[in-house]
Amino acid sequence: MENKTRSDKSLQAEYLRKKAEEHLRDSKTKSEVFADTQKLIHELQVHQTELEMQNEELHRAQHELQISRDNYFDFYNFSPVGYFTFDEKGLILDSNLTSSTLLSVERQKLISKRFQTCISLGSHPAFNAFCQKVCETDAKQTCELKLDTPSRVVLMEGISVPDADGNGKSIRAVMVDITERKVMEEKIKQSKEMLEKAMEDTFHVLMSVIEQGMSQAPKNRQRMTKLACAIASEMGISAGHIEGISMAASILDLGYISVPVELLSKPLKLTGIESQLVKTHVQTGYEILKGIEFPWPLAEIVLQHHEHIDGSGYPNALKGDDILLQARILAVADTVEGICCDQPYRPGLGIEKAFEEIEQNKGIFYDAEVVEVCLKLFREKQFSFE
């Protein structure tokens, strides 16, 4: 009986132990589930925070993009230059407000309008050629155009870009109003022409005063000018420098104003002293011109046109390339014309005598290249003074 009681107690204790272990396992499982749940909640909270931060970043980026877009449209529309997008034929696909102002046409009415209708009829060929070159070369092209209304001058620059569907090309162009610049350029040009005319007239008056005491007619100087310019052109000298040579040729004798008239018109050959006195005309011409600002070194050209390649000329015995090319050209032209022309002390000797002089002294008195070009003009290209 006593043994049975112990056995029952043992079984009961074992049962209670099993129940306690099951309860512990159940409690642990619930704890782990709770822990996993807490971990998942934490992860969800972190993810939610990340999404909120990303959302804030996205809103900030959208705000900055909107500001940039607004700035772009402000710059595009209110830029001081007109912006256009054309198709290959000049149909307006897009434009800014400045373009509308320049053309005096509402922006909405510009779209799908042919740009040719906004420019003068005379500018149509230039604009059509502009569109063609832009699309053919894929390089920046420029053209000047006159607007139809109001009457203004614009400069257009454009490049080609792929069109929206990628099957063709469109033209992106800027248009700048250059009317005031063109007006100013024209005024400057007119002022320059007036100044040059005034200078030329002044020199002609001075030369006329000198020529009244000389037997040489004004046409002789014109012949020399014609030959000098022809030589310079044949040598490939620029138009601007040829203009300077022409001006210098017209005033080479300016310094004769200080030489006694009787020496200039003397029918006999000058004596040594008289010759030295006449030679001072180059220095006198230089002194008159040196204080005047010209686009060309006229004073130096006048001073050097009697210098010789070998240093035997006057007034400073310059040699070779120390003598300005313009002066070397005028030395040959002046010599040829002077030998052909009648002088107070002798009649003209003819063109062959002039050829003989410059050929014999080529590279000694006269620049060899200038002499060769001069001879070529007469012998091969039928140049004449007439």
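Q: What does Lys-182 form a salt bridge with?
A: Lys-182 pairs with Glu-185, and their closest N and O atoms are 3.9 Å apart. A salt bridge here is a side-chain nitrogen of Lys or Arg within 4 Å of a carboxyl oxygen of Asp or Glu. This is a predicted model: local features need pLDDT of at least 70, side-chain atom pairs count only at pLDDT 80 or more, and totals for chains, interfaces and linings use all residues. Residues are numbered from 1 along each chain as its sequence is written, and side-chain values use heavy atoms, with hydrogens and water left out.

Q: Where do Lys-182 and Glu-185 lie?
A: Both are in helix H5, residues 179-211. They sit three residues apart, about one turn of the helix. Helices (H or I, at least four residues) and strands (E, at least two) are DSSP runs, numbered from the N terminus.

Q: Is Lys-182 buried, exposed or partly exposed, and which is it by what percentage?
A: Lys-182 is partly exposed, at 27% relative accessibility. Glu-185 is partly exposed too, with a relative accessible area of 39%. The cut-offs: buried is under 20% relative accessible area, exposed is over 50%, and partly exposed is in between (1.4 Å probe, protein chains only).

Q: Which residues are linked with them in a network of salt bridges?
A: The network links Glu-144, Arg-181, Lys-182 and Glu-185.

Q: And how many salt bridges does the structure hold?
A: It holds 14. One of them joins the side chains of Arg-223 and Glu-337, at 3.5 Å from N to O.

Q: Arg-223: buried or exposed?
A: Arg-223 counts as buried, at 17% relative accessibility. Glu-337 is buried as well, with a relative accessible area of 3%.

Q: What about Lys-353, which side chain does it meet in a salt bridge?
A: That of Glu-356, at 3.8 Å from N to O. Both residues are in helix H13 (residues 351-360), three residues apart, about one turn of the helix. Glu-356 is partly exposed at 36% relative accessibility, and Lys-353 is partly exposed at 40%.

Q: At roughly what angle do H12 and H13 cross?
A: Roughly 140°, with their axes coming within 8 Å. Axes are lines fitted to C-alpha atoms, for helices over the stretch in contact, and angles run from 0 to 180 degrees between N-to-C directions.

Q: Which residues make that contact?
A: From H12, Val-332, Thr-335, Val-336, Ile-339 and Cys-340. From H13, Ile-351, Lys-353, Ala-354, Glu-357 and Ile-358. Contact means heavy atoms within 4.5 Å.

Q: How do the residues of the H12 and H13 contact divide?
A: Seven are nonpolar, one is polar and two are charged. Ala, Val, Leu, Ile, Met, Phe, Trp, Tyr, Cys and Pro count as nonpolar, Asp, Glu, Lys and Arg as charged, and the others, Gly among them, as polar.

Q: Last one: how many helices and strands in the protein chain?
A: 14 helices and five strands. Buried residues make up 36% of its 386 residues.
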